[in-house]
Amino acid sequence: MTTPASIPDPADVARDLWRLLEPIHAVVYFAPEPVEEFRAMGYRGYWMGYFAGRAAPLGPAGADVVHALFYNFSYERVSRAVPAAWSFAPPEKALHARLRGSVAALGRALGPAADGPEVARAAQLAMRAARSAPLEGRALFAANHSLPVPEEPLAQLWQAATLLREHRGDGHVAALAAAGIGGRESHVLQATARGIPREVYTVARDFDEDEWTERRDTLAARGLIEDGRLSRRGQQVTAEVEARTDRLAATAYDGLGTEETDELLRLLRPLTRAVLQEGDIPLDNPMGLDLRADPGRP
């Protein structure tokens with residue numbers, strides 16, 4: 001007989017699933033195939049392709065909307081990419097490029113397993129969760145939710161991973177905002193908590209030394225950073241943000257029972273491990289994902 005003590009915390013399960021699904025989604029940012037697809041569509045440079053691909057579900061959105069929803073990029077970076085991207089290729093072309101490139105990257109990583117029953121079943125379960133997740137207050141998730149579901153299992157798996165990560169991401173933004181942590185400050189807080197080199201954010205989020213120092217000093221003035229480390233208060237706030245994010249993300253899996261959720265976890269582990277073994281996704285990354293701890297472990 002199952003006792004309450006033996007039932008896993010839904011928030012913990014949501015975090016485990018995020019650690020498995022995020023690398024499947026993230027090939028769109030780091031693998032060469034999607035980058036080449038965006039280039040072939042005519043987008044100028046990596047960042048125009050990035051913003052075009054991720055913002056495409058919103059339609060031909062401008063810088064204000066994309067900056068608000070993505071939360072943690074500088075406005076200058078966003079405004080250099082959109083709306084200019086749509087003059088090179090419209091959003092529907094970006095949608096095609098991101099899906100085609102991501103499926104190619106996953107196919108390379110998974111090899112013959114890409115066409116196997118495990119991928120098909122994982123895609124079915126993940127998509128069922130994604131399609132039943134609540135839309136309210138989650139604008140970027142809702143935009144992706146409006147897209148048609150691909151029929152091909154590997155494409156369906158990538159899109160489900162994308163839906164579930166944007167659902168979680170919208171909740172994370174809400175948790176940060178509720179804690180009074182701005183998007184740019186969140187990077188400094190995360191880097192301090194995890195020991196990520198500032199240089200990662202110089203490349204990935206356009207931080208120069210002056211802005212980094214300014215944001216760090218702001219967090220220090222609030223008592224969240226002390227002597228270059230998270231203070232006790234900083235640790236508490238960071239833990240609260242992550243816990244709230246996990247609780248909000250867990251609502252996506254309400255439609256799966258315990259057995260199906262366990263099955264999804266089991267199916268994803270070897271798939272995610274294969275993706276990570278390709279080495280496209282850097283160990284130090286701005287996604288909050290610790291790849292030094294193997295997400296594919298049992």
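Author: Let us begin with the secondary structure. Helices (H or I, at least four residues) and strands (E, at least two) are DSSP runs, numbered from the N terminus. Here the protein has 15 helices and two strands. This is a predicted model, where local features need pLDDT of at least 70 and side-chain atom pairs count only at pLDDT 80 or more, while totals for chains, interfaces and linings use all residues. Residues are numbered from 1 along each chain as its sequence is written, and side-chain values use heavy atoms, with hydrogens and water left out.

Reader: How do I read the overall dimensions, and what radius of gyration does the protein have?

Author: The radius of gyration is taken over C-alpha atoms, and the globule rule is 2.2 Å times the number of residues to the power 0.38. For 298 residues a compact globule would come near 19 Å, and the protein has 19 Å, so the two agree. Along the principal axes, the C-alpha atoms fill a box of roughly 60 × 55 × 35 Å.

Reader: What share of the residues is buried?

Author: Buried means under 20% relative accessible area, exposed means over 50%, and partly exposed is in between (1.4 Å probe, protein chains only). In this protein, buried residues make up 50% of the 298.

Reader: Which residues is Leu268 in contact with, beyond its sequence neighbours?

Author: Contact means heavy atoms within 4.5 Å. Leaving aside neighbours within four places in sequence, Leu268 touches Leu17, Leu20, Leu21, Ile24, Ala122 and Leu157. Leu268 and Leu20 are 248 residues apart in sequence, yet 6.3 Å apart in space, C-alpha to C-alpha. As for the protein as a whole, among contacts between residues at least 6 apart in sequence, 75% join residues at least 24 apart.

Reader: Now the charges. How many salt bridges are there?

Author: A salt bridge is a side-chain nitrogen of Lys or Arg within 4 Å of a carboxyl oxygen of Asp or Glu. The count by this rule is 18. One of them joins Arg108 and Glu33, at 2.5 Å from N to O. That pair links distant parts of the chain, with Arg108 in helix α7 (residues 91-110) and Glu33 in helix α2 (residues 32-40), 75 residues apart. Arg108 is partly exposed, with a relative accessible area of 33%.

Reader: Are Arg168 and Asp246 buried or exposed?

Author: Both of them are buried. Arg168 forms a salt bridge with Asp246, and the closest N and O atoms are 2.6 Å apart. Arg168 lies in helix α10 (residues 153-178) and Asp246 in helix α14 (residues 232-250), so the pair ties together parts that are 78 residues apart in sequence. Shared partners also join Arg15, Arg168, Glu242 and Asp246 into one network of salt bridges.

Reader: What should I look for in the backbone of the loops?

Author: Look at the torsion angles. Tyr71 has a positive phi of about 80° although it is not a glycine, and Tyr71 is in the loop between α4 and α5. Asp206 likewise has a positive phi, of about 60°, and is not a glycine. The loop that holds Asp206 runs between α12 (198-205) and α13 (209-221). Omega is another angle to check: at about 10°, it belongs to a cis peptide bond joining Val82 and Pro83. Pro83 is in the loop between α5 and α6 (85-88).

Reader: Where does Asn72 lie, and what is Asn72 in contact with?

Author: Asn72 lies in the loop between α4 (63-70) and α5 (75-81). With 17% relative accessibility, Asn72 counts as buried. Setting aside neighbours within four places in sequence, the contacts of Asn72 are Gly183, Arg184, Ser186, His187 and Arg205.
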